[in-house]
Amino acid sequence: ARASLKQAQAALDKASGSKVPSVSGGLDASRKRTPGSEDTDSYSFDLSASYELDLWGRVDSLVEAERLDFQATQADLETARISVAGSIAQTWLDIITTRKEKEIVKLQLENNSALLDLINFRFEHSMANALDSLQQQETVASTRAGIPLLEAKEQVLLNNLALLLGMSSSDKLQINRTDLPKLPPFPALGIPADLLKFRPDIKSAQFNLISSDWDVAAARANRLPALNLTGGYGYSASEMSLLFDNWFISLGASLAATLFDGGTKSAEVRRLEAGVEAELAAYREAVFQAVMEVENSIINEKKQKEYVTLLEEQYTLAKQTLTEAERQYTNGLQSFIPVITELPKVHTLEKRLISEKAKTLKYRIALYRALGNRWTEQWKEEK
């Protein structure tokens, strides 16, 4: 994105150079050899300049179009910064979430192993049957099998984060945080019109729209006659010592106009006018997309909070049910079926709560990205 900005700056400088005269110079020396006579030397030095009078604003239109293209590229750089920052934050959350899930699974493995020991003890004393032991062994094996997948997921996320940070390896990455951060206060949304100021992708679309309009103006002016001024100043002599004694000057002006081009220039105008319509549609789409993203992020976060609250209630009830089932089984009041039924539910809810809380934070990240801001403008460009 920074390289594209440099290209846009160079294109703007190139277009701006058309507003000043073009000056060139040359130095020539030659020797003519004729049999039977002396060699003839000749020397010349000249300066020439040319300049197009911008009668119809063609050059100014081109420069203005390039200036707007440069501003659009600046906005694209801000969009890239926000996108990278959002991706880094989301990947960081995924790593913490995965580590929390792995921690929960390992704790579940310890609890399941302890319960298996209890069942085996009861089995040895004829207080439980072989089926209870086999079912619990299956649960322990299933829990243990989930750990390698979480370890692989964590390493892949670390590699992704290293890539986003511009690092060749994730070995140097250290994430010391162990818990998910608390959700910060809800940001001030302002009014929808603020998106036009703070969303860089909208600003880019706006600049592209205005730039295409200036391109049309330049194309229309290109159909009119062009007035070019030329001038020359030089010296010529047969000896180098006399070079600057013989000088000449020339001035000229030319008015050029296309009499017939088969409709080429008119077709170019129509092509650029259609481009303006396309840029207008892109601008409208960018605005509507921005409003939709903000609204979606707000409703997603709101409903996600409600969902997490209900999920916590469900988890509390499931855990109470499991505790009671284990108590009745231990006291010989109930079979092992209620325990083996509730145990997977509690395990699943424990992991789901972590991932759903992380999803709430991701919706907030999406809201920040959708709102846009000027915080990226404070970043200093690399020299």
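Visitor: What share of contacts in the chain between residues at least 6 apart in sequence join residues at least 24 apart?
Guide: That would be 79%. Keep in mind that this is a predicted model.

Visitor: And what is the chain built from, in helices and strands?
Guide: There are seven helices and four strands. Starting at the N terminus, they run α-β-β-α-α-α-α-β-β-α-α.

Visitor: Why is Thr 139 called buried?
Guide: Its relative accessible area is 15%, and buried means under 20%. The value 15% falls under that cut-off, so Thr 139 counts as buried. Across the chain, 31% of the 383 residues count as buried.

Visitor: Where does Thr 139 sit, and what does Thr 139 touch?
Guide: You'll find Thr 139 in helix 3, residues 130-164. Leaving out residues up to four places away in sequence, Thr 139 touches Asn 112, Ile 340 and Leu 343.

Visitor: How do you know that helix 3 and helix 7 are roughly parallel?
Guide: Their axes cross at roughly 10°, and angles under 35 degrees count as roughly parallel. So helix 3 and helix 7 get that label. The two axes come within 11 Å, and the crossing is right-handed.

Visitor: Which residues make that contact?
Guide: From helix 3 come Gln 135, Gln 136, Thr 139 and Thr 143, and from helix 7 come Ile 340, Leu 343 and His 347.

Notes
Residues numbered from 1 in each chain as written. Predicted model: local features only at pLDDT ≥ 70, side-chain atom pairs only at ≥ 80, totals over all residues. Heavy atoms only, no water. Helix = DSSP H or I, 4+ residues; strand = E, 2+ residues; numbered from the N terminus. Buried < 20%, exposed > 50% of the residue type's maximum accessible area, 1.4 Å probe, protein only. Contact = heavy atoms within 4.5 Å. Axes fitted to C-alpha atoms, helices over the stretch in contact; angles between N-to-C directions. Parallel < 35°, antiparallel > 145°, perpendicular 65-115°, else oblique. Left-handed = near helix turned anticlockwise from the far one by under 90°.
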